[in-house]
Amino acid sequence: MSHYDYMFKVVVTGASTSGKSSLLLRLSEDSFRETYIYTLGVDFYCTRVQVGDKRVKLQIWDLSGQERFRRLTNGYYRGAQGVFLVYDVTRTDSFDELASKLNDVNDYTIPTCKRI
């Protein structure tokens with residue numbers, strides 16, 4: 001018997017050093033680190049959340065923001081039910097980079113429901 005009612009694949013993308021890994025560590029382990037090593041390619045987190053009376057498992061794929069990994073990471077959008085676009089509010093360049101990340105989302109995902 002599974003320990004969850006639903007499972008969703010979620011992709012997290014954004015500029016390099018925008019805080020994606022920090023955000024995911026906080027979500028999955030409720031912890032914080034002062035320093036991080038850049039994500040090389042892809043990292044993976046898994047967490048469970050309660051939504052009403054349902055148990056939901058989230059498989060979260062943390063995509064590197066570095067351009068040199070872009071060809072590798074684009075395949076991870078396949079089969080995702082959700083995408084988070086992350087930027088650093090103290091760096092306008094990280095916000096500006098979201099346009100290219102959104103293009104990747106549009107190019108490599110198959111819309112199964114309305115985007116919000």
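A residue is called buried here when its relative accessible area is under 20%, exposed when that area is over 50%, and partly exposed in between (1.4 Å probe, protein chains only). At 13% relative accessibility, T109 therefore counts as buried. The structure is a predicted model, in which local features need pLDDT of at least 70 and side-chain atom pairs count only at pLDDT 80 or more, while totals for chains, interfaces and linings use all residues. Residues are numbered from 1 along each chain as its sequence is written, and side-chain values use heavy atoms, with hydrogens and water left out.

The protein contains 4 helices and 4 strands, taken as DSSP runs numbered from the N terminus (helices: H or I, at least four residues; strands: E, at least two). Read from the N terminus, the elements follow the order β-α-β-β-α-β-α-α. Of the 116 residues, 36% are buried. With contact meaning heavy atoms within 4.5 Å, 62% of the contacts between residues at least 6 apart in sequence join residues at least 24 apart. The accessible surface (Shrake-Rupley method, 1.4 Å probe) amounts to about 7900 Å², and carbon and sulfur atoms account for 55% of that area.

Helix α1 spans residues 20–29, and its buried residues are K20, S21, S22, L24, L25 and S28. Their cover includes the strands β1 (6–14), β2 (42–51), β3 (54–63) and β4. Just after α1, D30 adopts a positive phi of about 55 degrees.

Turning to α4, the buried residues are L98, K101, D104 and V105. Viewed down the helix axis, these buried residues fall within an arc of 110 degrees, so they line one face of α4; the arc is that of the directions from the helix axis to the C-beta atoms. T109 sits in the segment after α4, and a polar atom of its side chain lies 2.5 Å from the backbone oxygen of V105.

Aromatic pairs were counted for rings of Phe, Tyr and Trp (its six-membered ring) with centres within 6.5 Å, with planes under 30 degrees apart classed as stacked, over 60 as edge-to-face and the rest as tilted. This rule gives 4 aromatic pairs. One of them, Y77 with Y108, is stacked, at 6.5 Å centre to centre and 10 degrees between the planes. Y77 belongs to the loop between α2 (70–73) and β4 (82–86) and Y108 to helix α4 (residues 98–108), so the pair ties together parts 31 residues apart in sequence. Y77 is buried, at 2% relative accessibility, whereas Y108 is partly exposed, with a relative accessible area of 40%.

Notes:
Polar contact = N/O pair within 3.5 Å; in protein donor to acceptor, adjacent residues only side chain to side chain.
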